[in-house]
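Visitor: I am new to this structure and would like to learn how to read its features one by one. Could you show me where to begin?

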Amino acid sequence: MSDGGGGGGNHLISVHPDELKFPFELEKQSYCDVKVANNTEHYVAFKVKTTSPKKYFVRPNTGVIQPWDSCLIRVTLQAQRECPPDMYCKDKFLLQSTKVPPHSDVDELPQDTFNKDSGRAIEECKLKVVYISPASAQTNSEDQALMGSAQSPNTNFNQALQLLKAERDAAVQQTQQLQQELDMLKRRRSRKSDQGFSLTFAIFAALIGIMVGFLMNLSLFSSSAE
């Protein structure tokens, strides 16, 4: 029998966290997630019980976890009309687990699966319930956010450095490619004869002259028409 939620020893499952913390506000629901991990090569069935079943909603409250797999259980505290003295809660949860045949389905588990009188080896993990004020929960969230922001500058710097290196490498590669294209153009130009180059230039200049003359004639024709 196990009274804790740790993952040490030869326990079938490990449970995290080892106590259920609910931010408590009157007339408001709150929840706590519990991760149940199967630490064996066997199929393991689990069942969740509580001393106050009317106050809590557990889903799933029964299940089968495959070898080396895990399951997330959400425990919801129903809206309460009264605040317990000193925010102290006596409620407790019991998580039972036992080996089952391979490929067992939760809907097909025998009714005596979690009955100790059936001769099965059943492990039990007890979880306490802790009510915390919303201010404390917000403070914890802010502390985690600050820790994350303290680590983020280094992460952002490394990402920016990698981006700059990538841009530098791309610019160098582009420069080399432009240089190669420029050298190729120079070689092509050097292969052309001066006569051919002069002939091309003369043809180009003649075309420009024809266009300029056409525009001037058109302009004079328009002026005389007016």
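Guide: From the N terminus on, the elements run β-β-β-β-β-β-β-β-β-α-α, which comes to two helices and nine strands. Helices (H or I, at least four residues) and strands (E, at least two) are DSSP runs, numbered from the N terminus. This is a predicted model, in which local features need pLDDT of at least 70 and side-chain atom pairs count only at pLDDT 80 or more, while totals for chains, interfaces and linings use all residues. Residues are numbered from 1 along each chain as its sequence is written, and side-chain values use heavy atoms, with hydrogens and water left out.

Visitor: How much of the protein is buried?

Guide: Buried means under 20% relative accessible area, exposed means over 50%, and partly exposed lies in between (1.4 Å probe, protein chains only). Of the 226 residues in the protein, 23% are buried.

Visitor: In which sense do β5 and β7 pair?

Guide: Two strands pair if DSSP finds at least two bridges between them. β5 and β7 (residues 70–77) pair in the antiparallel sense over four bridges, and arginine 59 stands opposite arginine 74 in β7. The C-alpha atom of arginine 74 is also separated by 5.9 Å from that of cysteine 32, although these two residues are 42 residues apart along the chain. Cysteine 32 lies in strand β3 (residues 30–38) and is buried, with a relative accessible area of 9%.

Visitor: What should I look for in the backbone angles?

Guide: Most residues other than glycine have a negative phi, and most peptide bonds are trans. Here a cis peptide bond joins histidine 16 and proline 17, with omega about 0 degrees, and proline 17 lies in the loop between β1 (13–16) and β2 (19–23). Another cis peptide bond joins arginine 59 and proline 60, with omega about -10 degrees, and proline 60 is found in the loop between β5 and β6 (62–65).

Visitor: What is the phi of tryptophan 68, and is this residue buried or exposed?

Guide: Phi of tryptophan 68 is near 60 degrees, a positive value in a residue other than glycine. Tryptophan 68 has its place in the loop between β6 and β7 and is exposed, with a relative accessible area of 62%. Aspartate 86, in the loop between β7 and β8 (92–100), likewise has a phi near 60 degrees and is exposed at 78%.

Visitor: How many salt bridges does the structure hold?

Guide: Side chains of opposite charge can pair when their charged atoms come close. A salt bridge is a side-chain nitrogen of Lys or Arg within 4 Å of a carboxyl oxygen of Asp or Glu, and the structure holds five. One of them joins aspartate 91 and lysine 55 (2.7 Å, N to O). Aspartate 91 lies in the loop between β7 and β8 and lysine 55 in the loop between β4 (43–50) and β5, so the pair ties together parts that are 36 residues apart in sequence. Aspartate 91 is buried, with a relative accessible area of 9%, whereas lysine 55, at 23%, counts as partly exposed.
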